[in-house]
Each structure stands twice: as structure tokens, then as C-alpha cells.
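Trainee: I would like to go through this structure one question at a time. Where do we begin?

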Amino acid sequence: MEDVTREERDSLMRSSYYLITRNFTKTLNRFIVYQDSKNTIDIPHGEGQRSMFIELLMEYFVGLEEYEKCDALKKLKELVITAGD
């Protein structure tokens, strides 16, 4: 498997962040974490993976000291867990 560069990882993490935090209501209905012209990747409801993905993003942004993103992610995580993850 090809190694992902730091820039590619950062781009993917930021893209996922913006997709899931743009509209919390839409995210709760369909948790899309990646989308381009050919592919859409979403995490199904009820498997416990949504909150784990949010936690992964939070850890990434804490490492970059981008705490405002972590605040938004924390709020979303609470909603996701309440909705049944």
C-alpha cells in the first residue's frame, strides 16, 4: 500500500471535518466522511463507528492545536451518541 504523505493526510482530515460539521442534521442522517466526483464513503448508523471516527478527527486536530475544530466535533459526537451512533 502506498504511503500517505503528511499533506495528503491533512487534506483528507480537513475534508472529512468540513463534510461532517457543515450541517449536523444532515450528518446525523447520513454520515459522509469522504466524497469526490466518483466516490462517496459514509459510516452506517448504529455500528458505533461514527463516534470513533469523530474521536480520530479530534485527536488529529488536538495535535495541531486547532481546538475550535475539536469543540465542534465534541458537540457533533454528543449528538451522534444520543442518536444511537
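Trainee: Which element gives the most to the lining of the largest pocket?

Mentor: This is a predicted model, in which local features need pLDDT of at least 70 and side-chain atom pairs count only at pLDDT 80 or more, while totals for chains, interfaces and linings use all residues. Residues are numbered from 1 along each chain as its sequence is written, and side-chain values use heavy atoms, with hydrogens and water left out. Helices (H or I, at least four residues) and strands (E, at least two) are DSSP runs, numbered from the N terminus. With 3 residues, the element that gives the most to this lining is β1.

Trainee: How much space lies in the largest pocket?

Mentor: On a 1 Å grid over the protein atoms alone, a pocket is an open set of points where a 1.4 Å probe fits, with protein on both sides within 12 Å along at least five of seven lines; lining residues have an atom within 4 Å of a point. Grid points are joined across faces, edges and corners, and the volume is the space filled by probe spheres set on the points. The lining includes Leu19, Lys26 and Phe31. The space in the largest pocket is about 190 Å³.

Trainee: How do the lining residues of the largest pocket divide into nonpolar, polar and charged?

Mentor: Ala, Val, Leu, Ile, Met, Phe, Trp, Tyr, Cys and Pro count as nonpolar, Asp, Glu, Lys and Arg as charged, and the others, Gly among them, as polar. Among the lining residues are Ile20, Asn23 and Arg30. The division is 4 nonpolar, 3 polar and 3 charged.

Trainee: Which residue in β2 does Gln35 stand opposite?

Mentor: Strands pair if DSSP finds at least two bridges between them. β1 (residues 31-35) and β2 (residues 40-43) have 4 bridges, in the antiparallel sense, and a hairpin of 4 residues joins β1 to β2. Opposite Gln35 stands Thr40.

Trainee: Is Glu66 buried or exposed?

Mentor: Glu66 is in the loop between α3 (49-63) and α4 (67-82). Buried means under 20% relative accessible area, exposed over 50%, and partly exposed in between (1.4 Å probe, protein chains only). Because its relative accessibility is 14%, Glu66 counts as buried.

Trainee: With which side chain does the side chain of Glu66 make a polar contact at 2.5 Å?

Mentor: A polar contact is a pair of N or O atoms within 3.5 Å; within protein, one must be able to donate a hydrogen and the other to accept it, and residues adjacent in sequence count only if both atoms are side-chain atoms. At 3.0 Å, the partner of the Glu66 side chain is that of Lys69. At 2.5 Å, the partner is the side chain of Arg14.

Trainee: Which backbone nitrogen does the side chain of Asp85 reach?

Mentor: Asp85 is in the segment after α4, and it counts as buried because its relative accessibility is 10%. Asp85 and Gln49 are 36 residues apart in sequence, yet their C-alpha atoms are 7.1 Å apart. At 3.2 Å, the side chain of Asp85 reaches the backbone nitrogen of Arg50.

Trainee: Which residues is Ser16 in contact with, leaving aside neighbours within four places in sequence?

Mentor: Ser16 is in helix α1, and a relative accessible area of 3% is why Ser16 is buried. Contact means heavy atoms within 4.5 Å. The residues in contact with Ser16 are Val33, Phe53 and Leu57.
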